[in-house]
Amino acid sequence: MRTKRFFLSDIHLGVGRSWDWFQPGQHEVPLLAALEYVAADPATKDVVLLGDIFDTWVTPVDEVPPTVAEVVAAHPRVTAALTACARSIENVFFVAGNHDMGTTAFDLVDVTGVQVIERYHAGLLYAEHGHRFAMFNAPHKMQGGLDKLPLGYFVSRLMAGRDDYTAPGSLACYIDDALETAFTTQRLAESVIEGLMELTGHGPQTIVRMRAPRSDLTLAAVQQKYADLFTWWVQKFGYWYALRAVRAELDSLEWFADREARQQGYRVVVMGHTHSVETDADGPRRAPARIYANTGSFCSGTPTLVEVDKADGHYAVRLHAWDGHGRYVPGNPRTV
Ligand SMILES: [Mn+2]
């Protein structure tokens with residue numbers, strides 16, 4: 001019986017540039033090993049690529065960022081491993097994150113057998129990347145139109161290439177002050193960009209190069225574009241939700257995962273995005289009502305997979321971590 005679902009996320013494949021978060025020399029072996037590992041397990045039903053698999057964001061402001069198709073072409077071994085995986089199990093699904101926002105089946109035409117879906121549901125198991133809950137990375141819907149790039153996109157462009165920018169939360173130490181100011185002035189986006197301009201030596205007239213059909217724009221225009229970000233979230237979701245959405249940038253998506261579980265009745269919610277691996281069970285000890293698991297990342301020293309085994313009406317959730325010596329080691333399951 002095929003009852004296991006494996007989730008992995010935040011690979012951040014690039015096109016082989018020095019600023020890419022995925023460095024093939026360091027990260028390709030564990031990634032290929034993970035795909036073989038899940039494909040070889042006779043109980044694997046689905047593998048879910050849970051977003052930020054391809055990175056079209058982390059590119060310095062004076063370079064034009066790559067497309068998903070260019071990223072795919074730069075990784076023939078990964079593409080082959082995904083194709084092989086899709087052949088040996090029932091389904092390989094792709095759910096877009098923020099760094100690969102807008103990826104379609106057409107972009108993945110060369111990754112045979114990978115199915116693009118918006119969100120993953122299997123009974124009371126639910127998974128998505130999770131960026132829509134984080135204020136800087138949620139698709140930007142304030143001004144309508146097709147351009148949904150959030151403020152976080154420009155944060156990535158400004159921070160690309162810095163040694164201290166290795167994960168979404170790593171800007172926390174720079175924007176703390178900006179956030180404090182923001183809560184009194186409500187000029188969140190302006191303060192964040194201002195803080196990052198100071199840090200990176202850029203000014204309001206610095207131009208961010210974009211790929212057509214998008215137009216290049218200045219950082220002053222970026223500040224203008226997102227000026228009402230915090231106010232818009234407060235109007236749409238309320239003040240406390242908006243505050244949580246800022247905290248989600250620095251911390252965890254747990255509050256949102258629990259909220260989804262409560263409102264929709266899910267037993268298990270899996271998300272990625274934060275790069276911090278987590279399994280959190282709520283409810284009475286030994287019999288938690290629900291579990292939130294986070295897949296961590298594949299562009300770090302310890303790549304991690306989340307497995308959810310759905311059998312006999314129960315869900316067993318466990319992490320599998322790379323041991324640094326060629327193997328994945330399963331952790332103890334939590335059952336709900
Ligand atoms: Mn993400």
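D52 is buried, with 31 other C-beta atoms within 10 Å; a residue is called buried if 20 or more other C-beta atoms lie within 10 Å of its own, exposed if 12 or fewer, and partly exposed in between, with C-beta atoms placed from the backbone. This is a predicted model, in which local features need pLDDT of at least 70 and side-chain atom pairs count only at pLDDT 80 or more, while totals for chains, interfaces and linings use all residues. Residues are numbered from 1 along each chain as its sequence is written.

Although D52 is not a glycine, its phi is positive, at about 55 degrees, and its place is in the loop between β2 (44-49) and α2 (68-73). Helices (H or I, at least four residues) and strands (E, at least two) are DSSP runs, numbered from the N terminus. H275, in the loop between β9 and β10, also is a residue other than glycine with a positive phi, near 70 degrees, and it counts as buried with 23 C-beta neighbours inside 10 Å. A cis peptide bond runs from A212 to P213, with omega near 10 degrees, and P213 is found in the loop between β7 (207-208) and β8 (217-218). For comparison, most residues other than glycine have a negative phi, and most peptide bonds are trans.

## The five-stranded sheet

Five strands form an open sheet in the order β5-β6-β9-β11-β10, with mixed pairing, where two strands are said to pair if DSSP finds at least two bridges between them. The edge strands, each pairing on one side only, are β5 (120-122) and β10 (278-282), and the twist from one strand to the next averages 10 degrees.

Strand β9 (residues 268-271) sends V268 and V270 one way and V269 and M271 the other way, and all of these are buried. Its pairing with strand β6 (residues 125-127) is parallel over three bridges, with V268 as the bridge partner of L125. Strand β11 (residues 290-294) runs parallel to β9 and is joined to it by four bridges; here V268 stands opposite I291, and Y292 is the bridge partner of V269.

## Helix packing

Helix α4 (residues 151-159) packs with helix α6 (residues 188-200) at an angle of about 5 degrees, their axes being 10 Å apart; axes are lines fitted to C-alpha atoms, for helices over the stretch in contact, and angles run from 0 to 180 degrees between N-to-C directions. That makes α4 roughly parallel to α6, since angles under 35 degrees count as roughly parallel, over 145 as roughly antiparallel, 65 to 115 as roughly perpendicular and the rest as oblique. L151, F154, V155, L158 and M159 of α4 meet A189, V192, I193, L196 and T200 of α6, where contact requires C-beta atoms, placed from the backbone, to lie within 7 Å. The residues of this contact divide into nine nonpolar, one polar and no charged, with Ala, Val, Leu, Ile, Met, Phe, Trp, Tyr, Cys and Pro counted as nonpolar, Asp, Glu, Lys and Arg as charged, and the others, Gly among them, as polar.

## Domains

The chain is divided into domain 1 (4-130 + 253-335) and domain 2 (151-248), with bounds that come from an automatic or database domain assignment. Taken over C-alpha atoms, the centres of domain 1 and domain 2 are separated by 26 Å. In the contact between them, 19 residues of domain 1 face 18 residues of domain 2, and the domain 1 side divides into eleven nonpolar, six polar and two charged residues.

Key
Two residues are in contact if their C-beta atoms, placed from the backbone, lie within 7 Å.
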